[in-house]
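Let's walk through this one together, starting where the chains touch. Have the view open and follow along.

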Amino acid sequence: MGIKDRLSGNEATAMAMKSMNMDVMAAFPITPSTEIPEQFSQYVANGLTDTVFVPVESEHSAMSACIGSQAAGARSCTATSSNGLALMHEMLHIASAMRLPITMACITRAITGPINIHNDHSDAMSSRDCGWIQIHAEDVQEAYDNYIMSVRIAEHKKVLLPVMICQDGFITSHAVENVELLEEEDIRSFVGFYEPDYYLLNPELKVAMGPYDPPTYLMEHKRQQAEAMIDSLDVIKEIYDEFGKLTGRYYDLIETYKIEDAERIIILLGSSAGTAKIVVDELRSKGEKVGIIKIRSYRPFPGKLIREALKSPKVVAVLDKAEGLSSIGGPVYSDVCAALNGNAGFKIVNYIYGIGGRDVRTDDIHEVFADLQDDIDGKESKAKTAANYRYLALRE
Amino acid sequence: MAYNFKEEMNKPERFAGGHRLCAGCGAGVMARNVLRAIDEDDNIAIVNATGCLQAATFSYPYITWEDSWIHSAFENAGATCGGMEAAYRALEKRGKVKEKYKFLAFGGDGGSYDIGFQSLSGAMERNHDMVYICYDNEAYMNTGIQRSSSTSRFTDTTTTPAGSVVPGKPQNKKNLTEIMVAHSIPYVGQTTFLANMKDLNEKTKKAVYTEGPAFLNVLAPCTRGWRYDMADLLDITKAAVETCFWPLFEVENGKYKLTYEPKKKLPIEEYLRPQGRFKHMFKKGNEWMIEEFQKEVDLKWEMLLKKCE
Amino acid sequence: MRQLGDGINAKVTWKEITLAGIVTDGGKSKDFETGDWRNSKPVWLAENCKQCLICTAFCPDSSIPVKDKKRVDFEYKHCKGCGICEKVCPFNAIEMKGEEE
């Protein structure tokens, strides 16, 4: 039976971590994820959990401590945002290469340059090649559910990869929403215990981890790691289905919304999907054929699902909440194009939006759909552009 | 129990041969003798910061260490070891680990004085029950003998070359041992290799078997970087001690103790002369460098003596 | 659990290579020969040896084994010929000789 409550994304995440009775949490505060370690240390202080909380002196040390802890045989977690994630960058690669199923709440925020504490996806997107599974939430319920499912995904023997559970800073992390929580005993039986095959604190079988890997071997190790990411596509679905049976909340690696006959489709991830759904409903009520695809699992990238979902649109817009600074558009756009392998048969345009907490209003999404109609009609685009990609809500 | 060298040497080897440290490497001697101080029945788990010791002792699949061992990065041995120790506390509490464990982290002066300084400081301050062992060879040897904050003034390194205008490293050596003392941790020891390894062995035992964080700084000469004849390891460490360049002392719960006091403090030339990295200091007209070096050694030694009173 | 790391060589495929480069049971570098780095070779003159064991403590390469509190002959497989043992021996019980001798 679920428990109805009203929580923010940060509170729900801390609650999930407590309910799963993690062995170790190591974290360093950074806006807007700070509430997670705060809330968690309050649980520890009040004896509500006996997880060992390690208040490290930096995010680099948070990830390093998680690596030491998980390698020792303990289920370990952390939370961070923005520059904190950037400071961990080196250790993100190492955690995944060491095949340590650490879980981390990533409360997305713009990376400094200049400093800004608000939401965009420049932090998560900068970590996309680190070998972490990356799941994005639209709302608090998803953020909570994603965390619980991710522990199982991470620790699955075919996967053994760390998972970054992302939600949009302030928008989701601080917004109080109605959520349905699981009973602690249900969560614990769902996640079970962490039982690694190889861990440092096993006196029966000593292990050495983290070798110097010469050219003779590194490529084979990377291929093996890549296979885990490929295999995780099926494992994620399998665990989502199991979670659905327990809660009635069924998920998939992407969520499609009214795309069956859609001529204009927006692909995006995170909280803006909620805004976009409202616009789709408005336009649909006027008989316009529009829909959206929300990417829930950004890594692994569900290319096949997206390809199959895009049956016969006339034009597709991919929305990136990170300026890829690549001269050819944002990261999600690149991935979608790669997934379609040059055989799309329809136009794909890219928008950069919501940078540094720039509001994403229904009007903005309306503007995208209107642009797409212009594209279909062969009219000159009114969108603000840079090279071959577009901007939303940018002053020119 | 009184120190019994033969008993110590009779313990099984925890550090196998076949590693790729240079011939005559001080880090190898350091690792073997630190591990030898641990009771042979005790479980240990080791973290190694990136550096010569790490690269040479686990080139896939050839692991040198007989105990559980992990390397993740250069600057994070303190935090990684702290995480491991936190895992131990969690798993012991939950009945998942039943055996007792001791935790050791090894880093060179690069990984300890410099890039890993913050991580080391954090781990010591958080009171993890672990020992951090710095093997100090006074430069970044793994990347080819670049200066570190542990390099002494005037030293000729590849990033502080002794030139016609700049006479080697312009700055004095940082005193990491004293900085660790300032963390108010239960045990800090400074040691190196002397004939029967008594000083190193006893300090290691205290560091490992004292509850809470402990720090050990071991001067571990590098024949390549210091440019002395590789057979002369003991001559170099002895000279470091007898000139009071590297005093042997420990600080237990804030109380300083000299563990060895030279009968007659030797002039610093005895330490500098055999080493190629100080060769330029002996050229005519450079006498002032030796005088300055001596002054720095004298100052530090006097300060230490006061603390040990 | 399965032991990992034995029989790894340059022919191992990505499917067979050990997960994340993990190796179990420790001490596998014993299989790696470093004795061929040597230019000169320490020779133990047992008749001079007083079994003080200083040489074995100072060997960086774990090449002077101790059995029943006594050193035995060198293990040349890993000895790199640094000569520290000859230098620290107080009793002239070790002599460095050219490899060809």
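How many residue pairs are in polar contact between chain A and chain B? The count is 17, with both residues at pLDDT 80 or more; a polar contact here is a pair of N or O atoms within 3.5 Å, where within protein one must be able to donate a hydrogen and the other to accept it, and residues adjacent in sequence count only if both atoms are side-chain atoms. A word on ground rules: this is a predicted model, local features need pLDDT of at least 70, side-chain atom pairs count only at pLDDT 80 or more, and totals for chains, interfaces and linings use all residues. Residues are numbered from 1 along each chain as its sequence is written, chains are lettered from A and ligands numbered from 1 in the order in which they are written, and side-chain values use heavy atoms, leaving out hydrogens and water.

Stay with chain A and chain B. Chain A brings 43 residues to this contact and chain B brings 41, contact meaning heavy atoms within 4.5 Å. The size of an interface is often given as the accessible area lost when the parts come together. Here the buried area (accessible area, 1.4 Å probe, that two parts lose on being put together, summed over both) is about 3,300 Å², and carbon and sulfur atoms give 60% of that. On the chain A side, Glu57(A), Leu200(A) and Leu201(A) supply 18% of the area that chain A buries against chain B, more than any other three residues.

Five salt bridges cross this interface, each being a side-chain nitrogen of Lys or Arg within 4 Å of a carboxyl oxygen of Asp or Glu. In one salt bridge, Asp23(A) meets Arg94(B) at 2.7 Å, N to O. Which elements of chain A each supply at least two residues to the side that touches chain B? They are β3 (52-54), α3 (59-72), α4 (82-97) and β9 (207-209), with helices (H or I, at least four residues) and strands (E, at least two) being DSSP runs numbered from the N terminus. The largest share, nine residues, comes from α3(A).

There's strand pairing across the boundary too. β9(A) runs parallel to β4 (residues 68-70) of chain B, and two bridges join them; strands pair if DSSP finds at least two bridges between them. Look for Ala208(A), whose bridge partner in β4(B) is Trp69(B).

Now move over to chain B and chain C. This contact takes 39 residues from chain B and 41 from chain C, and the two bury about 3,200 Å² between them, 60% of it on carbon and sulfur atoms. In chain B, the residues that lose the most area to chain C are Lys6(B), Arg32(B) and Tyr60(B), together 18% of what that side buries. Four salt bridges turn up here, and Asp235(B) meets Lys87(C) in a salt bridge at 2.5 Å, N to O.

Finally, zoom out to whole chains. Chain A has twelve helices and 17 strands. Its radius of gyration (over C-alpha atoms; the globule rule is 2.2 Å times the number of residues to the power 0.38) is 21 Å, which agrees with the value near 21 Å for a compact globule of 396 residues. Chain C reads β-β-α-β-β-α-β along the sequence. The radius of gyration of chain C is 18 Å, well over the 13 Å that the rule gives for 101 residues, so chain C is more spread out than a compact globule. The C-alpha atoms of chain C fill a box of roughly 55 × 30 × 15 Å, taken along the principal axes.
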